[in-house]
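Hi there,

Here is the structure I promised to pass on to you. Have a look at it first, and then read my notes below.

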Amino acid sequence: MTRSVIDPITRIEGHLRVEMEVTNGKVSDAWVSGGCFRGMEMVVENRTPEDAAQIVQRICGVCPVSHAHSSAIAAEKAYGIKISNNARIIRNLLEGAQFLHSHILWFYNLAALDYVNPLNALKADPADAYDLAQAAGTSMNSDFVALKERLANFADNGQLSIFSGNWFDAEDGTAYQLPPELDLICTAHYLEALTMQAKASQISAIIGGKMPHVMTLVPGGTAFVPTDQKLDELKALADEIYDWVESTMIPDTLAIAPYYIDALNWGKGCGRYVAWGVFEGPGDYASYTEQMANRYLPMGVIDDKLNLSDVQENLITEYMGRSWYKGDATYTSPYFVTEPEYTEYNVEDRYTWVKCPAYDGKPYEAGGLSRVLAAYKRNVPFVVEQVDGLLEALGAPGQIGVAQSTLGRTAVRQIETLYIAGLMKDWVAELIEALKSGDSEYFREPSTITGAGTGFWEAPRGALYHSESIKDGKIEGYQIIIPTTWNLAPINESGEHGPMEQALIGNPVGDIEKPINALRTVHSFDPCTACAVHITEPATGKSFDEPLGGEVTWRTWHITAKRIRCPSSSRTGSTLLR
Ligand code: NFE
């Protein structure tokens, strides 16, 4: 038995440590630890819900729109507002643009370097790369000859820049399996992906005023009023992103997958899934449950036998006993409590700032796989067709279980990306039609400013929950459960590991220093520890009722707990804290 530790995990958002027990070449036990405290709930107390929708976006620079959306929905539920049709479409476009940005970023720039070795591309014959790209049906828009020269210059200078610090030499150089020509193609697309992310963020900025941290998503609807010129710009951008996702991201996934097919055999995790649903559907609804079930990516709770049910809010709990919070209570939604109390890093006791959310007392996975499974179980036609096609391409027709794996989790998210890219085109067309018909309602005033509500929504990384109680327009209590909190949950009160910990157990480890398969599994969840936990702001003067008392040092991270900082983005935060 040996311990293998990855700390910090790179190519994610935030600060994550993974500790594993390795026995006979496999992970036999695992603990994941988020190394920052998030106190955003405390920051928004006594503010207005309109302020909260702005402030909570500062939880993260990658998924701010989802936080604004979930917060706005919570306020709308508290105030009894149903938003207008125009607001619904515009907010879907804003959310969709952020999902596309995040999914493209994740696949190419965060996860792909676990499978693609740009240094091996130096051995590629560019002419063969064009032939291979054509055979794989993937795009040939980049100049493979020029790219190879660029990579050679990088290597000659000994400065690998964005490609440095990876584990391309893991397992004595056998961990990366792609032929050099496919490495060259995917490296070209890695760079194209940066441009496509910028285009997705352009959509966010057109509608949201800026990105990250948009200005126009407000409780009651939207403050964005489209003009013909802006609609033209949105249409052009949506078309371009769709074409790229369809012609590049999907075929690349199918080209890479056969070389790592073994990764269908591990990384399953807890095998239970939560999705609250995202992208509001058209028409009226009689209940919140009906609203969530009719979203374009619908709500669903899926148990370990893959049975689907509707969400029941009172089954959502948070357990404190293995995290750095006071006591070991299990709280039930919406009566959650955030009282930080750092002790020490000890995997036998408390070892993370991430709380332990559960549904019906059990760990549940959140994310793209959860959403796609919920849509599949609810017979969303595009998703059913694409998932069946993917399973066939992976050599497992009809076997939905293979999606429950490291490679499956990575691949199905591309289906979701294509689905959302297509919906973006539809929503632009729908908005143009709505405006032509003279619909000009964007915002609805509340008739009361006291109440309580929960915003069930999705961020790119999964099920997102903001819940608030409001009295006379001021927030009395606010709680958030972030997607990555579900996935990075520590051991629960029954001794069961959280979803990522379970997914790591059983992973083959061929190189104790560079456990690349564990890294592939971690990245398949696309964790954002910065979201799952967070830091609050000294500049606001906001302080805790019971400060933690002095400086807490935990490995490389220093948290001055008396006056904690609320970064405008997680990256800024990590830099400031170092
Ligand atoms: Ni910081 Fe986030 C997303 C949220 S974390 S990225 O997506 O909420 O899971």
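Helix H3 (residues 64-79) lies across E13, E14 and E15, and runs at about 150 degrees to E13. Helices (H or I, at least four residues) and strands (E, at least two) are DSSP runs, numbered from the N terminus. Contact here means heavy atoms within 4.5 Å, while axes are lines fitted to C-alpha atoms, for helices over the stretch in contact, with angles from 0 to 180 degrees between N-to-C directions.

Please keep in mind that this is a predicted model, where local features need pLDDT of at least 70 and side-chain atom pairs count only at pLDDT 80 or more, while totals for chains, interfaces and linings use all residues. Residues are numbered from 1 along each chain as its sequence is written, and side-chain values use heavy atoms, leaving out hydrogens and water.

Now to the sheet under that heading. Its 3 strands form an open sheet in the order E13-E14-E15, with antiparallel pairing; two strands pair if DSSP finds at least two bridges between them. Strands E13 (451-459) and E15 (474-481) stand at the edges with a single partner strand each, so one side of each has no neighbour in the sheet. From one strand to the next, the twist averages 15 degrees. Strand E14 (residues 462-471) is joined to E15 by 7 bridges, and Ile-470 has Ile-475 in E15 as its bridge partner.

Next, the ligand. Among the residues around the ligand are Cys-60, Cys-63, His-67, Pro-460, Arg-461, Cys-528 and Cys-531, where "around" means a heavy atom within 4 Å. A polar side-chain atom of His-67 lies 3.1 Å from a ligand oxygen atom. Backbone N or O atoms also take part: one of Pro-460 lies 3.3 Å from an oxygen atom of the ligand, and one of Arg-461 lies 2.8 Å from an oxygen atom of the ligand. These are polar contacts, pairs of N or O atoms within 3.5 Å.

What about the interior? The largest nonpolar core has 149 residues, of which Ile-104, Met-424 and Leu-504 touch the most other members. Such a core is a set of buried Ala, Val, Leu, Ile, Met, Phe, Trp, Tyr and Cys residues joined through side-chain atoms within 4.5 Å, and buried means under 20% relative accessible area (1.4 Å probe, protein chains only). Helix H4 (residues 85-111) gives this core its largest share, 14 residues. A second, separate core of 16 residues includes Val-274 and Trp-486.

Best wishes

Note on methods:
Buried < 20%, exposed > 50% of the residue type's maximum accessible area, 1.4 Å probe, protein only. Polar contact = N/O pair within 3.5 Å; in protein donor to acceptor, adjacent residues only side chain to side chain.
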